[in-house]
Each structure stands twice: as C-alpha cells, then as structure tokens.
Amino acid sequence: MSDQTPAPGGPRKPRIALMGEFSAGKSTLSNLLLGSRPLPEKVTATRLSPVWISHGSDTPYRVDVDGSTEPVSLDRLEGIPVEETRFIRLFIEAEILDLIDLIDFPGISDPNMESTVWERMLPEIDAVIWCTHATQAWRQSEAAVWDTIPDAVRENSILLITRYDKLTTDTDRRRVFKRVRRETKDMFGGTFPISLLQALEAGDDYDKWDGSGAGPFVDHFIDTIGKLTALAARSAMPLYNVANGTAIPEPVAPTVAPRRVQRPLDADKPKRERPAAPTGTDVNSGS
C-alpha cells in the first residue's frame with residue numbers, strides 16, 4: 001500500500017528515487033538538491049532503510065514492514081532495525097520539496113544489507129536519479145538492477161556520472177562518457193557527467209558551478225519535474241506500477257505546472273542562459 005496515495009481525483013507530487021552503488025554520491029546529491037544536509041553527518045554512511053523526504057516540519061517516523069509507524073529521533077537513526085523497516089519518513093522545508101518527494105535508497109550492492117530492504121520500495125517511485133562513479137562507471141551490478149525497471153520509469157530518469165573530476169584527462173573523460181552512453185542507450189531520459197562536490201562547494205561562483213557539470217543537469221531535471229508532474233496527475237499510483245506496453249490513464253486531476261526553480265534550486269538566484277556542457281563531453285539531454 002502506498003504511503004501517500006491521494007484521494008480519488010486529487011493531485012500528488014512525483015516521487016524521485018536517488019539510487020546507485022554505495023559511495024556513488026547519493027548523499028552529496030541530496031545535499032545539493034535540498035540545499036542542506038537532510039541527515040546528521042554521523043549517520044550518512046550508516047546502514048539505513050530508504051529515507052522518504054517530503055516538504056514540512058512534521059516529526060520523523062519509521063514505517064514497519066507490517067505498516068505500523070513510530071516516531072524516530074534523527075540522532076538515533078543508526079539504531080533503527082533495517083530489516084524490519086520499510087522506510088524512514090523525513091520532513092524538510094526545502095524549496096524543491098514543494099514540487100517533488102525524494103526517496104533516498106541505500107546502496108544497491110551493500111554486502112551487509114539484503115536487497116529486499118530497497119526492492120520493496122520500488123513500487124513507490126516515478127523516476128530515478130541514478131549515480132554511477134566515474135572511475136568504475138556502470139558496473140554489471142548496476143545494469144542488472146536497471147534491467148528490472150519499467151519503461152515508464154526509465155524514460156523519465158537521469159543518469160549522473162559522478163566524481164567526474166577524478167578522471168584527470170579529457171581523453172579519459174570522453175572515453176568513459178562515450179562508453180556509458182553506448183551501454184545505456186535509450187535507458188535514461190538524460191545522461192550527465194558531474195562533480196557533485198564541486199557543485200556543492202560552488203556557492204555563487206557560476207564558473208565553478210558550470211565547470212562542475214551541474215548546470216545542464218539541473219536544467220534538465222527541472223524540465224523532467226514538469227513532465228513528471230503532468231504524469232502524476234494521470235496516475236494515482238507511481239509510474240513503477242505501469243507495466244510495459246500499458247498506457248498511462250487519462251488525467252485524474254488538473255496539471256499544475258511547477259514554477260521554475262533556480263540554481264541550486266534557490267529562487268533568489270538570478271536567471272542565466274543555459275550553460276554549456278563540461279569540456280570534452282557531448283551531453284545527452286534526453287531522447
């Protein structure tokens with residue numbers, strides 16, 4: 001049962017999952033999107049169940065695999081029983097959460113965690129931002145998981161080749177980018193090389209922001225949110241539940257076009273021209 005199934009005819013926000021291998025940059029990505037660290041620093045690397053983040057200031061809680069709930073303390077998240085917890089519910093007053101919910105998944109190949117911990121949350125998602133580490137980009141384990149994802153989710157998902165600054169030459173960058181594009185052809189709505197840490201540290205330095213690769217990604221992500229908002233109005237259930245070859249229903253609620261969110265999802269930042277891709281790349285903005 002979905003945690004936030006809307007009333008019949010009512011709107012719902014798109015739900016976007018952050019996924020990838022352990023240590024691929026998902027925590028840094030959530031910091032970038034939210035404008036702040038959603039979890040205390042000491043628990044970001046601990047074993048956690050999926051964390052479902054929505055707008056608000058409500059008390060965080062956990063949902064057990066049997067559907068029961070109980071309040072939790074952010075300072076004691078590491079004590080939550082992972083195998084018995086379907087997800088942790090977190091509320092933050094971040095601008096991007098006016099438009100979407102984020103679900104931060106644990107690493108897909110953590111040897112200390114059963115895959116069922118995150119697999120049982122897949123039916124809650126509409127799209128994915130998948131992080132793959134540039135120095136070992138698009139491993140077989142990642143491809144195996146992505147093969148199970150329905151088309152309705154794939155076509156609205158984004159692949160980030162993270163820690164791109166770890167590739168020290170333009171030749172290496174082009175080689176990795178072309179290989180990943182070839183191996184993931186038609187599997188994502190857009191593929192972007194990025195240094196998330198550089199983007200997070202950029203502040204008001206637009207040259208550093210653009211040099212990190214964040215500009216093209218954020219522009220594409222904002223466009224994707226608009227598409228997902230329209231699709232969410234047509235389906236009370238998340239898009240993961242739309243079987244391949246099945247049409248998404250006609251709209252059940254009016255579509256509200258999301259306002260333009262500025263970099264880094266901050267309405268006070270001035271508008272700019274769409275930035276160029278990082279040197280030596282040929283970014284796909286979707287197909």
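Is W52 buried or exposed? W52 is buried, because its relative accessible area is 0%, and buried means under 20%, exposed over 50%, and partly exposed in between (1.4 Å probe, protein chains only).

Before you go on, note that this is a predicted model, in which local features need pLDDT of at least 70, side-chain atom pairs count only at pLDDT 80 or more, and totals for chains, interfaces and linings use all residues. Residues are numbered from 1 along each chain as its sequence is written, and side-chain values use heavy atoms, with hydrogens and water left out.

**Exercise 1. Describe how the rings of W52 and F87 are arranged.**

Step 1: Start with the rule. Rings of Phe, Tyr and Trp (its six-membered ring) pair if their centres lie within 6.5 Å; planes under 30 degrees apart count as stacked, over 60 as edge-to-face and the rest as tilted. This rule gives 8 aromatic pairs.

Step 2: Apply the rule. The ring centres of W52 and F87 are 5.2 Å apart and the planes meet at 50 degrees, so the pair is tilted.

Step 3: Locate the partners. W52 sits in strand β2 (residues 51-55) and F87 in strand β5, 35 residues apart, so this pair links distant parts of the chain. Helices (H or I, at least four residues) and strands (E, at least two) are DSSP runs, numbered from the N terminus.

Step 4: Check the partner's surroundings. F87 is buried too, with a relative accessible area of 0%.

**Exercise 2. Work out what the pair of W138 and F188 ties together.**

Step 1: Classify the pair. W138 and F188 are edge-to-face, at 5.7 Å centre to centre with 80 degrees between the planes.

Step 2: W138 lies in the loop between β7 (127-133) and α3 (140-146), and F188 in the loop between α5 (170-183) and β9 (190-193), so the pair ties together parts that are 50 residues apart in sequence.

Step 3: Widen the view. Ring pairs link W130, W138, W146 and F188 into a cluster.

**Exercise 3. Compare the backbone and exposure of W138 and R163.**

Step 1: Read the phi angles. Phi of W138 is near 50 degrees, and phi of R163 is near 55 degrees. Each is a positive value in a residue other than glycine.

Step 2: Find R163. This residue lies in the loop between β8 (158-162) and α5.

Step 3: W138 is buried at 6% relative accessible area, whereas R163 counts as partly exposed at 32%.

**Exercise 4. Which residues line the largest cavity?**

Step 1: Name them. The lining consists of E21, T132, H133, Q136, R139 and E142.

Step 2: Sort them. The lining has no nonpolar, 3 polar and 3 charged residues; Ala, Val, Leu, Ile, Met, Phe, Trp, Tyr, Cys and Pro count as nonpolar, Asp, Glu, Lys and Arg as charged, and the others, Gly among them, as polar.

Technical notes. On a 1 Å grid over the protein atoms alone, a cavity is a set of points where a 1.4 Å probe fits but cannot get out, and a pocket is an open set with protein on both sides within 12 Å along at least five of seven lines; lining residues have an atom within 4 Å of a point.
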